[in-house]
Amino acid sequence: MDDSKMVGGKVKKPGKRGRKPAKIDLKAKLERSRQSARECRARKKLRYQYLEELVSSKERAICALREELEMYKQWCSAMDQGKIPSEIKALLTGDEHKTSQSSSKTIKNGKNNTASCGQ
């Protein structure tokens, strides 16, 4: 007998197991690889843009919170000196319009307002 084996009614020839390598056009394979690389770079670029925007928005939020903290520090130091800031008086009387205008003036007059946030 020859080297072929009979298994389940089928004749198997000796050789390598598994799938036979498909005869893929080399140029098509190379083009697919290039296209995949282009798509990967595009996804990477979008991800970095998203992360940069996220960082930027968080920095703006931090800056706004620092300004608010500075305003509260100024109010506290004024109250320690026995003065009641006009903003707090406006809050107590319920005059919201006056409060928003005077709060922005207080922030602008602060020591570390936007100089520390502009870094």
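Modeller: Start with tyrosine 50, which sits in helix H1. Keep in mind that this is a predicted model.

Biologist: Which class does tyrosine 50 fall into, buried, partly exposed or exposed?
Modeller: Tyrosine 50 is partly exposed, at a relative accessible area of 45%. The cut-offs are under 20% for buried and over 50% for exposed, so a value of 45% falls in between.

Biologist: And what nonpolar surface patch is Tyr50 part of?
Modeller: Tyr50, Leu51 and Leu54 make a nonpolar surface patch of about 260 Å².

Biologist: Back up a bit. What secondary structure does the protein chain have?
Modeller: There are three helices and two strands in the protein chain. Read from the N terminus, the order of the elements is β-β-α-α-α. Helix H1 covers residues 26–80.

Biologist: How much of the chain is buried?
Modeller: Of the 119 residues in the protein chain, 14% are buried. The chain exposes about 10900 Å², and 55% of that comes from carbon and sulfur atoms.

Biologist: What about contacts between residues 24 or more positions apart?
Modeller: Among contacts in the protein chain with a separation of 6 or more, 41% are between residues 24 or more positions apart.

Biologist: Different topic. How many salt bridges are there?
Modeller: The structure has two salt bridges. In one of them, glutamate 31 pairs with arginine 34, and the closest N and O atoms are 3.9 Å apart. The cut-off is 4 Å, so a distance of 3.9 Å counts.

Biologist: Where do glutamate 31 and arginine 34 lie?
Modeller: Both glutamate 31 and arginine 34 are in helix H1, three residues apart, or about one turn of the helix. Glutamate 31 is partly exposed at 38% relative accessibility, and arginine 34 is also partly exposed, at 45%.

Biologist: Which residue does glutamate 31 meet in the other salt bridge?
Modeller: That one is arginine 38, with an N to O distance of 3.1 Å to glutamate 31. Arginine 38 is partly exposed as well, with a relative accessibility of 38%. Through shared partners, the salt bridges join Glu31, Arg34 and Arg38 into one network.

Biologist: Now the rings. How many aromatic pairs do you count?
Modeller: The count is one aromatic pair. Its members are tyrosine 72 and tryptophan 75, with ring centres 5.4 Å apart and 75° between the planes, an edge-to-face arrangement.

Biologist: Why call that edge-to-face?
Modeller: Because planes over 60 degrees apart count as edge-to-face, and the angle here is 75°.

Biologist: How far apart are tyrosine 72 and tryptophan 75 along the helix?
Modeller: Tyrosine 72 and tryptophan 75 are three residues apart in helix H1, so about one helical turn separates them.

Biologist: Is tryptophan 75 buried or exposed? And tyrosine 72, buried or partly exposed?
Modeller: Tryptophan 75 is buried, at a relative accessible area of 10%. Tyrosine 72 is partly exposed, at 37%.

Biologist: Last one, cysteines. How many disulfides does the structure hold?
Modeller: The structure holds zero disulfides. A disulfide is a covalent bond between the sulfur atoms of two cysteines.

Biologist: What is the relative accessible area of cysteine 40, and of cysteine 76?
Modeller: Cysteine 40 has a value of 41%, so it counts as partly exposed. Cysteine 76 is partly exposed too, at 41%.

Terms used
Residues are numbered from 1 along each chain as its sequence is written. This is a predicted model: local features need pLDDT of at least 70, side-chain atom pairs count only at pLDDT 80 or more; totals for chains, interfaces and linings use all residues. Side-chain values use heavy atoms; hydrogens and water are left out. Rings of Phe, Tyr and Trp (its six-membered ring) pair if their centres lie within 6.5 Å; planes under 30 degrees apart count as stacked, over 60 as edge-to-face and the rest as tilted. Helices (H or I, at least four residues) and strands (E, at least two) are DSSP runs, numbered from the N terminus. Buried means under 20% relative accessible area, exposed over 50%, partly exposed in between (1.4 Å probe, protein chains only). Patches are made of residues with over 30% relative accessible area and no salt bridge: like charges are joined within 9 Å, nonpolar side chains (Val, Leu, Ile, Met, Phe, Trp, Tyr) within 5 Å. Accessible areas come from the Shrake-Rupley method with a 1.4 Å probe; for residues, only the protein chains shown count as cover. A salt bridge is a side-chain nitrogen of Lys or Arg within 4 Å of a carboxyl oxygen of Asp or Glu. Contact means heavy atoms within 4.5 Å. A disulfide is a pair of cysteine sulfur atoms within 2.5 Å.
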